[in-house]
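Biologist: Before I use terms like crossing, sheet and salt bridge for this chain, I want to hear what each one rests on. Can we go through them one at a time?

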Amino acid sequence: MTLKPAMPGFGIKFQRIDLPDQPIVKADVDYVVDTARGTTLEHNGARVSTVEHILAALVGMGVDNVLIELNGPEIPIMDGSSQPFIDILEEAGIQEQDAKKIYYSIDTNINYYDEVKKVEMVALPSVDYRITALIDFNSQVLGTQHANLKSLSEFRKEIAPCRTFVFLHELEYLLANNLIKGGDINNAIVVVDRPVTEEELNRLAKAFDREKMSVQQREGILNNAELHFPNEPARHKLLDIVGDLALIGFPIKAHIIANRPGHASNVEFARKIKQYIKKNKHNKDVPIYDANQPPIYDINHIVRTMPHRYPMLLVDKIIELSDTRVVGVKNVTFNEQIFQGHFPGNPVMPGVLICEALAQVGGILALNPMPDPENYDTYFLKIDNCKFKQKVMPGDTMILKMELLSPIRRGLVEMRGTAFVGNKVCAEADMVAQIVKREGK
């Protein structure tokens with residue numbers, strides 16, 4: 001297997017270089033043909049099996065564009081984890097490309113339930129990508145376990161080393177049906193969930209070309225393999241979710257909660273999420289507002305920074321702020337003075353005030369790099385491409401997003417603003433502002 005760099009927008013694709021015409025298979029849930037003991041893709045007459053561990057490694061490392069060349073039908077199993085792939089990726093290095101990474105935000109719960117297998121999965125709105133996995137195999141050895149991934153930045157350390165696992169009775173079935181040719185006992189954790197005889201251990205040792213095998217207790221882990229984490233099986237199930245959901249084809253922002261997941265359910269869930277994204281693709285990168293999370297700036301901080309006061313202060317809090325992007329919140333209430341004279345009896349927020357609210361949020365983004373922002377003001381010089389797409393009414397919570405279009409130079413700030421209510425765009429515009437020092441400061 002050889003990993004090769006690819007251009008922005010290429011995505012993740014596998015190429016079978018051992019076949020005529022060297023066909024390519026895209027890492028896409030639409031091409032999944034089998035989920036028995038792994039996830040298998042097939043397209044253009046080419047099949048690639050066990051793709052989940054390498055896909056999880058690529059997602060965990062933030063790799064979006066890569067061509068994976070293979071001279072056979074299956075990704076090498078290695079030790080049954082993503083760690084060997086992480087190691088070669090880190091050795092090669094990751095290149096940041098000159099293209100914006102587009103995330104798709106889930107703005108409503110997406111549910112999946114398999115009544116036969118009792119699998120439950122849900123994607124909840126979230127400001128980032130998080131996963132919670134719960135497993136229960138009715139096994140005294142494993143018990144009930146859960147694992148969490150709070151951020152993809154944790155993947156390398158907390159999830160990547162976690163190996164796949166198999167129960168002894170499953171291993172015996174695979175051996176009897178000649179399904180793990182070339183397999184080694186180090187490719188997986190073998191859970192011994194029943195008493196095992198010396199004769200059975202000798203037969204397993206012969207199958208794997210070992211002098212002997214053992215289980216410390218009557219039930220436990222075959223060959224007394226040491227677990228990397230007490231809940232390594234649950235963490236590996238989480239790893240599988242990361243890899244299988246990569247087949248959605250879009251980076252997402254959501255909190256995934258999975259109870260008793262497996263490859264089949266992961267793939268069906270990925271199909272459901274992909275279908276939702278395709279239907280709501282125009283809503284990509286909608287900011288998520290969680291009222292339970294403390295704001296970056298509350299109204300007191302905003303008042304210290306901005307020169308505006310009631311009734312012309314049109315931002316209540318800042319919930320996201322970086323060097324290139326800011327997201328603010330404006331709660332629109334019926335008590336505001338504008339509604340006394342603007343369409344009385346049918347209150348609608350004036351479009352110019354939506355633009356003003358965006359401009360004020362943009363002012364916070366513009367002044368954020370300044371060491372003493374309270375000594376500067378921003379004056380808007382130009383508004384282009386302004387469009388109003390939906391009315392804003394009393395009771396609405398308006399989410400105001402401003403993004404830099406280019407680096408700030410000579411005090412000139414070029415930004416693109418979008419105002420949302422829920423996941424619907426209310427207004428959008430390109431704006432240019434100038435940073436000016438206050439007189440006497």
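This is a predicted model: local features need pLDDT of at least 70, side-chain atom pairs count only at pLDDT 80 or more; totals for chains, interfaces and linings use all residues.

Biologist: Why is α1 called oblique to α2?

Modeller: The axes of α1 (residues 52–60) and α2 (residues 83–92) cross at roughly 40° and come within 9 Å. Angles under 35 degrees count as roughly parallel and 65 to 115 as roughly perpendicular, so an angle between those ranges is oblique. That makes α1 oblique to α2. As for handedness, α1 passes α2 in a right-handed crossing.

Biologist: Which residues make the contact between α1 and α2?

Modeller: On α1 they are His53, Ile54, Ala57 and Leu58, and on α2 they are Phe85, Ile86 and Leu89. By class, the contact of α1 with α2 has six nonpolar residues, one polar and no charged residues.

Biologist: What makes β18 and β20 edge strands?

Modeller: Six strands form an open sheet in the order β18-β19-β21-β22-β23-β20, and the pairing is antiparallel. β18 (317–321) and β20 (376–388) are the edges, since each pairs on one side only. The twist of this sheet averages 25° from one strand to the next. β20 is joined to β23 (residues 424–437) by 10 bridges, and these strands run antiparallel. Lys382 has Val432 in β23 as its bridge partner.

Biologist: Which helix packs on that sheet?

Modeller: It is α10 (residues 351–367), which touches β18, β19 (325–331), β20, β21 (397–404), β22 (412–421) and β23. The direction of α10 makes about 50° with that of β21.

Biologist: In which sense does β17 pair with β10, and in which with β11?

Modeller: β10 (residues 119–124) and β17 (residues 255–259) pair in the antiparallel sense over five bridges. β11 (residues 130–136) is joined to β17 by five bridges, and those two run parallel. Met121 has Ala258 in β17 as its bridge partner, while Arg130 stands opposite His255 in β17.

Biologist: Why is the pair of Lys274 and Asp28 called a salt bridge?

Modeller: The closest N and O atoms of Lys274 and Asp28 are 2.8 Å apart. The cut-off is 4 Å between a side-chain nitrogen of Lys or Arg and a carboxyl oxygen of Asp or Glu, so the pair qualifies. Lys274 lies in α7 (residues 263–279) and Asp28 in the loop between β3 (24–26) and β4 (32–34), so the pair ties together parts that are 246 residues apart in sequence.

Biologist: How many salt bridges does a search of the whole structure find?

Modeller: The search finds 18 salt bridges.

How values were computed. Residues are numbered from 1 along each chain as its sequence is written. Side-chain values use heavy atoms; hydrogens and water are left out. Axes are lines fitted to C-alpha atoms, for helices over the stretch in contact, and angles run from 0 to 180 degrees between N-to-C directions. Helices (H or I, at least four residues) and strands (E, at least two) are DSSP runs, numbered from the N terminus. Angles under 35 degrees count as roughly parallel, over 145 as roughly antiparallel, 65 to 115 as roughly perpendicular and the rest as oblique. A crossing is left-handed if the near helix is turned anticlockwise from the far one by less than a right angle, and right-handed if clockwise. Contact means heavy atoms within 4.5 Å. Ala, Val, Leu, Ile, Met, Phe, Trp, Tyr, Cys and Pro count as nonpolar, Asp, Glu, Lys and Arg as charged, and the others, Gly among them, as polar. Two strands pair if DSSP finds at least two bridges between them.
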